[in-house]
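Here are a few exercises to work through with the model open beside you. Try each one yourself before reading the solution.

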Amino acid sequence: LASIPRETWEGLANPAYEPYDPFVSHDFLRSLEDSGCVGGQTGWRSAHLIARQGGDVVGVMPLYAKDHSYGEYVFDHAW
């Protein structure tokens, strides 16, 4: 996420004409990465989608790749 300027991300993920969504904001997502809540050994690896056209960023989507099923009750426990 650090590779995209905050203003660019916010302009696409939280445009002024839409209600503000804090869960896709640059600050929130960056705080998850900086604090270690995602990445490393957490099982959640950042894999944000960044669409470019002619070198310009035209779309963004926060995505995470999950490496294990820990914490998902249905997979961790026998029914």
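Strands here are DSSP runs of E with at least two residues, helices are runs of H or I with at least four residues, and both are numbered from the N terminus. The model is predicted, so local features need pLDDT of at least 70 and side-chain atom pairs count only at pLDDT 80 or more, while totals for chains, interfaces and linings use all residues. Residues are numbered from 1 along each chain as its sequence is written, and side-chain values use heavy atoms, with hydrogens and water left out.

**Exercise 1. Is Met61 buried, partly exposed or exposed?**

Step 1: Buried means under 20% relative accessible area, exposed means over 50%, and partly exposed lies in between (1.4 Å probe, protein chains only).

Step 2: Met61 has 40% relative accessibility, so Met61 is partly exposed.

**Exercise 2. Find the salt bridges and say where each one sits.**

Step 1: Search for a side-chain nitrogen of Lys or Arg within 4 Å of a carboxyl oxygen of Asp or Glu. The count comes to 2 salt bridges.

Step 2: One joins Asp27 and Arg6, with the closest N and O atoms 2.9 Å apart. This pair links distant parts of the chain, 21 residues apart: Asp27 is in helix α2 (residues 26–35) and Arg6 in helix α1 (residues 6–13).

Step 3: Another joins Asp34 and Arg30, at 3.3 Å from N to O. Both residues lie in helix α2, 4 residues apart, about one turn of the helix.

Step 4: Check accessibility. Asp27 is partly exposed at 42%, as is Arg6 at 35%. Asp34 is exposed at 55%, whereas Arg30 is partly exposed at 30%.

**Exercise 3. Which residues make up the largest nonpolar core?**

Step 1: Take buried Ala, Val, Leu, Ile, Met, Phe, Trp, Tyr and Cys residues, joined through side-chain atoms within 4.5 Å.

Step 2: The largest such core has 7 residues: Leu1, Ile4, Trp9, Leu29, Leu32, Val38 and Val60.
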